[in-house]
Amino acid sequence: MSECLFCQIVAKEVDSDIVYEDEKVIAFKDINPQAPVHYLIIPKKHIETILDLAEEDQELIGHIHQVANQLAFEAGIADDGFRIVNNCKDAGGQTVFHLHFHLLGGRNLQWPPG
Ligand code: AMP
Ligand code: ZN
């Protein structure tokens, strides 16, 4: 069993509320939602942080954003707008070191973030 929580979710060793899955990407509801819609979209491949992207990952990152758009439409937040967030390393607020993008919407989000 992998030591990485999100790899365990990809492997279905840990339960999650999956909202999208294909061969490269999985998206599930955040366990501690910060907005009415709060999904995490992650590559199935283990990548620690956004700094660890390789040249070959360009298509994967584009694909993740296409999935985010699709999920935003499906969740009914595309018209009003939403936010996609990646927290990188400790000062960025990253707590799970498997690359993930937060999709947040369903309320008016404040800026700047805390
Ligand atoms: P970050 O702080 O950017 O690394 O985000 C990690 C996110 O993972 C947080 O928003 C957590 O609430 C969420 N999280 C942690 N464990 C789980 C889990 N088992 N299922 C779903 N989301 C989780
Ligand atoms: Zn992982």
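Begin with helix H1 (5-10) and strand E2 (25-29): each supplies at least two residues of the shell around ligand 1. Helices (H or I, at least four residues) and strands (E, at least two) are DSSP runs, numbered from the N terminus. This is a predicted model, where local features need pLDDT of at least 70, side-chain atom pairs count only at pLDDT 80 or more, and totals for chains, interfaces and linings use all residues. Residues are numbered from 1 along each chain as its sequence is written, chains are lettered from A and ligands numbered from 1 in the order in which they are written, and side-chain values use heavy atoms, with hydrogens and water left out.

**Stop 1: the ligand shell**

Stay on H1. It gives the most to the shell around ligand 1, with three residues. Now select the shell itself. There are 16 residues around ligand 1, and Asp30, Asn87, Thr95, His100 and His102 come nearest. A residue is near a molecule or strand if one of its heavy atoms lies within 4 Å of it. Colour the shell by class: seven residues are nonpolar, seven polar and two charged. Here Ala, Val, Leu, Ile, Met, Phe, Trp, Tyr, Cys and Pro count as nonpolar, Asp, Glu, Lys and Arg as charged, and the others, Gly among them, as polar.

**Stop 2**

Select aspartate 30. A side-chain N or O atom of aspartate 30 is 2.5 Å from an oxygen atom of ligand 1. Next, take histidine 102. The distance from a side-chain N or O atom of histidine 102 to a ligand 1 oxygen is 2.8 Å. Then pick histidine 100. Its side chain has an N or O atom 2.9 Å from an oxygen atom of ligand 1. A polar contact is a pair of N or O atoms within 3.5 Å; within protein, one must be able to donate a hydrogen and the other to accept it, and residues adjacent in sequence count only if both atoms are side-chain atoms.

Ligand 1 has 500 Å² of accessible area on its own, and the protein covers 84% of it. Accessible areas come from the Shrake-Rupley method with a 1.4 Å probe; for residues, only the protein chains shown count as cover. Ligand 1 sits in the largest pocket. A pocket is an open set of points on a 1 Å grid over the protein atoms alone, where a 1.4 Å probe fits, with protein on both sides within 12 Å along at least five of seven lines; lining residues have an atom within 4 Å of a point. To sit in a pocket, a molecule needs more than half of its atoms within 2 Å of the pocket's grid points.

**Stop 3**

Go to isoleucine 26, in strand E2. Isoleucine 26 is buried, at 0% relative accessible area. Buried means under 20% relative accessible area, exposed over 50%, partly exposed in between (1.4 Å probe, protein chains only).

Now select threonine 49, in the loop between strand E3 (37-43) and H2. Threonine 49 counts as buried because its relative accessibility is 4%. A polar atom of its side chain lies 3.0 Å from the backbone nitrogen of leucine 51.

**Stop 4: helix H2**

Move to asparagine 69 in helix H2 (residues 58-75). At 35% relative accessibility, asparagine 69 is partly exposed.

**Stop 5: backbone exceptions**

Most residues other than glycine have a negative phi, and most peptide bonds are trans.

- Lysine 12 has a positive phi of about 65 degrees. Lysine 12 is in the loop between H1 and strand E1 (18-21), and is partly exposed at 48%.
- Lysine 89 has a positive phi of about 60 degrees. Lysine 89 is in helix H3 (residues 89-92), and is partly exposed at 43%.
- Tryptophan 111 and proline 112 are joined by a cis peptide bond, with omega about 5 degrees. Proline 112 is in the segment after strand E5 (101-105).
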